[in-house]
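The following exercises concern a protein structure.

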Amino acid sequence: MEFIDSLKQKASTNKKRIVLPEGLEERTLQAANTILQEGFADVILIGNPTEMKAKASELGLTNIDNAEIVDPENHAKMDAYADMMVEIRKTKGLTKEEALKLIKDPLYLSVMMIKAGDADGEVAGADNSTGDVLRPAFQYVKTAPGISVVSGAFIMILKDKEFGNDGMMVFADCAVHPNPTAEELAEIAVATGRTTQAIAGFEPKIAMLSFSTKGSAKHEMVDKVVKATKLAQEKAPDLKIEGELQSDAAIIPAIGQKKAPGSEIAGQANVLVFPTLETGNIAYKLVQRMAGAEAIGPILQGMAAPINDLSRGCSVSDIVNLVAITANQAAGTL
Ligand code: ACO
């Protein structure tokens with residue numbers, strides 16, 4: 001696909017080290033093999049080296065020989081990483097003994113490698129829940145300056161090119177923060193606008209979704225979206241943000257004109273910001289499965305280092321694609 005090919009091309013000009021903590025997971029190993037073959041990132045795999053090599057050979061994955069393999073049970077920097085963990089979590093009372101246990105967990109080891117400068121980014125989640133992938137990242141890598149909430153965006157590539165920007169749309173938050181406040185939702189909207197500009201590569205027209213369009217319904221859930229829209233517009237006057245809009249008013253021009261006459265965004269939206277994680281997660285999966293859209297992501301927004309999470313139902317190419325995005329984020333080309 002053209003979009004991902006261009007990301008791979010960019011990543012290969014400034015190769016970054018991406019750590020894959022689920023090194024013994026079959027799709028991850030296959031993805032690592034493809035990435036090394038295509039040569040757009042260096043790969044660090046975490047897992048027992050003997051077991052991993054046996055698995056790679058059984059699957060005929062010859063490029064795995066070019067990966068750096070890190071054994072979580074026996075690793076030269078274990079003690080140094082544990083000291084860093086104690087320092088970062090001292091106000092939370094983390095002891096060295098606890099840190100030495102945690103550092104054997106590949107998901108903690110990966111984030112500490114990033115924190116120590118031994119890796120540039122991480123992709124995980126083929127075998128672990130989103131919560132288990134994100135918690136170590138939140139605790140040790142934390143949010144980027146000026147950001148209080150991490151969220152997850154999907155680039156949706158639709159078959160019907162009439163929607164969004166020639167069939168490309170960005171949906172958020174579909175992955176992380178269950179029930180944002182109005183302030184947090186405003187932050188998510190702005191972050192999604194920036195992700196759209198940097199990664200999807202088009203000018204965002206952001207619709208703040210609700211079950212009401214411009215006051216058609218009264219409810220505290222609608223009030224939250226109205227407030228978030230105002231805050232987001234104040235935070236980022238350069239972005240086109242409009243709300244509250246129902247999803248049909250956001251994406252269908254005739255309905256947009258009828259329900260929100262004169263709006264620049266109603267009917268033209270290419271970025272959909274959902275009021276809760278429930279709505280965002282359900283929506284992206286329905287569009288992916290029922291409309292046959294390609295869903296690229298989740299791309300985590302607001303983390304201090306590029307760490308991205310996969311759905312456990314991911315395919316090998318989903319992993320390869322997310323590594324291409326992560327490598328670009330690490331290189332600062334996004
Ligand atoms: N952004 C930044 N930091 C956060 C966020 C956030 N969105 N949420 C929690 N944190 C921080 C907290 O401040 C806390 O930091 P501290 O320990 O330094 O004080 C730390 O993370 C842990 O916070 P908890 O509230 O204890 O976090 P918890 O682990 O309970 O929940 C989590 C965080 C795991 C992300 C939770 O919100 C969650 O499970 N979200 C849903 C994820 C999910 O299941 N998504 C759907 C599947 S994804 C898919 O389908 C693609």
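**Exercise 1.** State which helices are included in what covers the buried residues of H4.

*Solution.* Step 1: the cover includes helix H5 (96-102), helix H6 (106-115) and helix H7 (130-141), where contact means heavy atoms within 4.5 Å. Helices are DSSP runs (H or I, at least four residues), numbered from the N terminus. The model is predicted: local features need pLDDT of at least 70, side-chain atom pairs count only at pLDDT 80 or more, and totals for chains, interfaces and linings use all residues. Residues are numbered from 1 along each chain as its sequence is written, and side-chain values use heavy atoms, with hydrogens and water left out.

Step 1: the buried residues of H4 (residues 78-88) include Met-78, Tyr-81, Ala-82 and Met-85; buried means under 20% relative accessible area (1.4 Å probe, protein chains only).

Step 2: viewed down the axis of H4, its buried residues fall within an arc of 100 degrees, so they line one face of the helix. The arc is that of the directions from the helix axis to the C-beta atoms.

**Exercise 2.** Determine how many disulfides the structure holds, and examine Cys-174.

*Solution.* Step 1: the number of disulfides (pairs of cysteine sulfur atoms within 2.5 Å) is 0.

Step 1: Cys-174 takes part in no disulfide, and the nearest cysteine sulfur, that of Cys-314, is 17 Å away. This distance is too far for a bond.

Step 2: Cys-174 is buried, at 1% relative accessibility; Cys-314 is also buried, with a relative accessible area of 6%.

Terms used: Buried < 20%, exposed > 50% of the residue type's maximum accessible area, 1.4 Å probe, protein only. Helix = DSSP H or I, 4+ residues; strand = E, 2+ residues; numbered from the N terminus.
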